[in-house]
Amino acid sequence: MKPFQYIKATDTATALFSAKKQKSHYVAGGTNQVDLMKDNINYPDTLIDITTAISKDITATDKGIIIGAMVRNSTIANDKTVKDNYPLLAKAILAGATPQIRNMASTGGNLLQRTRCPYFFDTALPCNKRKPGSGCSAIKGDNRMAAIIGTSAECIAVHPSDMCIALAALDATVQVTTKDGSKQSILFKDFHRLPGTTPNLDNNLPENALITGIKIPVNNFYKNFSYLKLRDRDSYAFALISVAAALDMNDETIKDARLASGGVAHKPWRWYEAEAFLKGKKATQANFAQAASIATKGTKGFEHNAFKIPMLKAAIEVALTNCITV
Amino acid sequence: MCFFDEPTTADSPKARVEGIAKVTGKGKYAAEYDVAGVVHGVLVGSTVAAGTIIKMHTEEAKAIPGVIDILSHLNRPEVPGLSGDNKTKFGLPIFYTDKIFFSGQPIALVVAETLEDAFYAASLVYADYTAEDFNTDFNKNKIDLKADGKERGSFAAWQNAAIQLESEYTIQNEMHSPMEMHATIAEWTAGDKLNLYDKNQGVNGVQRFVGGVFGIPPENIHVSSEFVGGAFGSGLRVWPHTLAAAMAAKQLNKPVKVVLTRPQMFVMVGYRPQSWQHVKIGADKNGNVLGIHHQAKNTTSLYENFKDNITGITRKIYKVENLKTESAIVPLNMSTPIYMRGPGDCTGAFGIESAMDELSYKLNMDPKELRLKNTSVINDPDSGMPWSTNFLNECITQGAEKIGWENRNPVPGKKIEGDWQIGYGMALGFWNSGRQRTSTAIQLEKTGKLTVQCAITDIGTGTGTGMRNIAAKNTGIASEKIKIELGDSDLPKAPSEGGSTGLASVGGAVVAACEALKIKLATYAANQNANYKTIKPENITLENNGIGIKNDSTAFISFDELWTKNNLDTVKVEATSGPGDERKNFAFCSVIAHYCIVQVHSKTGKIKMQRMVSVADGGTIVNEKAAANQVIGANIGGIGMALMEEQLADNNFGRLVANDFAGYHFATNADAPMIEVSFIGKADPNISAVGSKGLGEVGLIGCAAAITNAIYNATGKRMRDLPVTPDKVIMS
């Protein structure tokens, strides 16, 4: 790890003031940042500790809930309001990482996790995300974990978070304070990016800006929901495929549906067309299967990950079924 | 040698002798010892799989404050064992070659005042290489097979067998992944005297190897390995990082510590090699196996030959008159593999026990009955010698009862609960039970405090605890008064703890030392009571506070009296024991029957273990808790082997991919079901005075096949390529 200067910021203004272009990084829970520094992928001159600079509060209002960016992942998963009104979020968080990591990891940091594509982590090999222009080793290499939708010729990496899949499904908003102190809200669906020709950029957070909180609007998805994560082992493994599903039911009719996936794309992926199909339909196996077919029709596999397409289809069907049976 | 004297806990004597030290952190792993003035070494790995180093770039790293030196092939100290023609006698000739054999090969050791300085500087070291072709693809080149063991009978004898089965089985590379990183602290205490704190499975082996490399007598090297945080075979040889630490310590005249990183653990301390097997079986309609042809290949490196004994189990477990076994090794641009828990047999069992299961369905016969019909439990079919003991059939029968085998549906894919398909599977495991020559010393004090000493390492298997249990039983002295000292080359000599020989070896030596102690005490006691003069050892009784004679209550003499009258200090004895003539008359084996129930999701391919039952014959069970712990752990290893463990290489770059714990999955608690382990528990009267046969290896052998056989029973899908990740279920 390259030696760095350490600054502990006590408020947002100090944190933003300390940030310098390219040379400084923020650290909150450190569960990803420190790994990246150890592996010489991140090598900031200055590390700005923001654990006391941003909110640790969960604030519920009649319009929704605001989760401070410094709230630890396990705190969210154990929060009563979250469990009662936004249980999909709690469920997704508990499917991720380990208790130890969740106890450290921050809400804001969870959004900023880098991909777990193995080539991104091996500095001896080409990776356009780590070193723009060096090439993508995964396209013709070991791409079992790679994306099946929204890929580009330069990157086929996937976003690793579980929490973000629930946030995408629940139409969250990311609250941001930029370097000049102005506040912005970014819709969750617009926060993360597809790789395109700039796979080095994971998201649209302005340079040196801080995530201060996440807002989730009040919704009716707290009764019929499920988070299904398929992985190589039952703890501490990233998703092969994950599905966040939620239904707003009126008797047997689906009033509204949300469907999002991890392990499929460079960003948390919403299946809007499948959601639209489900609206107004009966909650039947046939309709669930049809929704799953609609979702998977634009997907494309690579040498080692073609299995993700039938797995995704099955996972969507099972997740939707679990919404009304489990 | 001070950590095994903690007070024992409530459930003594079953409790681990080192348990409190381990869970409180008082016990030290190799890297944790405080050595005054120690400096830190970090290895730099090659970034290419083949080529010759043209130039080392070390300038930037040398400029980092705190960096002391950077060792490479350009400036290493003179080491006789790595010079000249000896080059690969000691494995990879670290710093004695400019050739690259595999990606990640250590090419430099950065030594700095702090670990942080060393790591940062190591990240700045790189080399230029000539470009050379490489191969990491196991399947790329055709390799000819050679006979592996003597052929029995002939092919002709079974070519018209009524039932024939032919299948191929493949397994990816697997990694030992012990909790403790391999590490060495090396310090030259005089010109030719070396002190090592080292993670390994045998301190005397390290002395011999390092002595050979540096051209000094083994006894000049002191090796301390008191606590070992798992090894699974990775500690059965000395690896280049240990030599690098000793070289740097010599060059700099300072103690040097080298700890591998987790990714380095994947390329520098061996692995279970990728394998291919082809099994052909012929049987008659009644399920009598008439002939077996078992072929196998495994990876090796370009600088050493490593053959896993994959077909060995097939030669030993079934009474088959016509048998041919063949094997080959496949040299690749990979580091050298090493024995990994249940080496060879574990791989071979996946082949033969999958094939036997396939055969049972062809025969429409219960796979348990097919096994009972064909096991060779009287004689070792290979040597013709009788088994000393072999309770494999009892293991099969008891296991079937425990799992409720009668609830298995013989037709695959028919037992369904919602979206889940339920399947039952079973398979057998076999391991040659060995024993090696071992010495043990015992010291007794007036207080009745007994100290048992042996150089053997305890790699987490409970060896020290077993030594205490055996000493207590053979002296009559209570467990809490017995102290164990082990894992140090100053103690009486022992073999490496490997091949499931640990307890059989040291157990015999502890019994011998207990006998020697009784005889020595009796010679002192004879000064007080003439009855001790002609006494036989078996009639001497020891208690917490004194010595006596069986059926003679008047003969008791307290240690107080004995010590005072004879003016004694500490009574010391040492004894050695090892295999003898019994090996000319008997063959020895540990055996196991594994049963399991799995559930497979019919849509997503998810596999969930529901229950596992293992019944093992390990002879006398010295400590049931420790023994069951071994087999439960092995079963969890079996889940990993069957369902998730694989280390792939990227053949475009000749480099391992995802070689860390985010990428390499072994089973967690969440993946493990209830695992029920039981033992036949009958003593083997010939193996040693203790009667125990090793259990460490056999617990894993056959486990993976039991799981894949259950997957077949659940789904009708025959999985012949490990690991069976959910994608393979979906796509087959």
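Helix 15 of chain B and helix 16 of chain B are oblique to each other, in what is a predicted model. The angle between these two helices is about 55°, and their axes lie 8 Å apart. An angle of about 55° falls between the limit of 35 degrees for roughly parallel and the 65 degrees at which roughly perpendicular begins, so the pair is classed as oblique. The crossing of helix 15 of chain B and helix 16 of chain B is right-handed. On the side of helix 15 of chain B, the contact is formed by Ala634(B), Asn635(B), Gly638(B), Ile639(B), Met641(B), Ala642(B) and Leu643(B). Their partners in helix 16 of chain B are Cys703(B), Ala704(B), Ile707(B) and Thr708(B). Sorted by class, this contact has eight nonpolar residues, three polar ones and no charged ones.

Helix 15 (624–643) of chain B also takes part in the surroundings of helix 11 of chain B, whose buried residues pack against it. Those buried residues also pack against strand 19 (450–453), strand 20 (482–485), helix 12 (502–525) and strand 21 (540–542) of chain B. Helix 11 of chain B runs over residues 463–475. Its 13 residues reach 18 Å from the first C-alpha to the last, close to the 18 Å expected at 1.5 Å a residue. How many of the 13 residues of helix 11 of chain B are buried? Twelve are, and the helix is mostly covered. The buried set includes Thr463(B), Gly464(B), Met467(B), Arg468(B), Asn469(B), Ile470(B) and Thr475(B). Just after helix 11 of chain B comes Gly476(B), with a positive phi of about 80°.

Helix 9 (residues 367–374) of chain B and helix 10 (residues 392–403) of chain B pack at an angle of about 165°, with axes 10 Å apart. This makes helix 9 of chain B roughly antiparallel to helix 10 of chain B, because angles over 145 degrees are counted that way. The crossing of helix 9 of chain B and helix 10 of chain B is left-handed. Lys368(B), Arg371(B) and Leu372(B) of helix 9 of chain B meet Asn393(B), Ile396(B) and Ala400(B) of helix 10 of chain B. By class, the contact of helix 9 of chain B with helix 10 of chain B has three nonpolar residues, one polar and two charged.

Several loops of chain B have backbone features to note. Asn551(B) has a positive phi of about 60° although it is not a glycine. Asn551(B) sits in the loop between strand 22 (546–549) and strand 23 (552–558) of chain B. Is Asn551(B) buried or exposed? Asn551(B) is exposed, because 8 other C-beta atoms lie within 10 Å. Asn567(B), also not a glycine, has a positive phi of about 55°. Its place is the loop between helix 13 (559–566) and strand 24 (571–577) of chain B. Asn567(B) counts as exposed, with 7 C-beta neighbours inside 10 Å. The peptide bond from Leu722(B) to Pro723(B) is cis, with omega near 0°. Pro723(B) lies in the loop between strand 30 (721–722) and helix 17 (726–731) of chain B.

The contact between the chains takes 26 residues from chain A and 29 residues from chain B. On the side of chain A that touches chain B, helix 13 (residues 308–325) of chain A gives the largest share, six residues. By class, that side of chain A has 15 nonpolar, three polar and eight charged residues.

Methods:
Residues numbered from 1 in each chain as written. Chains lettered and ligands numbered in written order. Predicted model: local features only at pLDDT ≥ 70, side-chain atom pairs only at ≥ 80, totals over all residues. Contact = placed C-beta atoms within 7 Å. Helix = DSSP H or I, 4+ residues; strand = E, 2+ residues; numbered from the N terminus. Nonpolar A, V, L, I, M, F, W, Y, C, P; charged D, E, K, R; others polar. Expected span 1.5 Å × (residues − 1). Buried ≥ 20, exposed ≤ 12 C-beta atoms within 10 Å, placed from the backbone. Axes fitted to C-alpha atoms, helices over the stretch in contact; angles between N-to-C directions. Parallel < 35°, antiparallel > 145°, perpendicular 65-115°, else oblique. Left-handed = near helix turned anticlockwise from the far one by under 90°.
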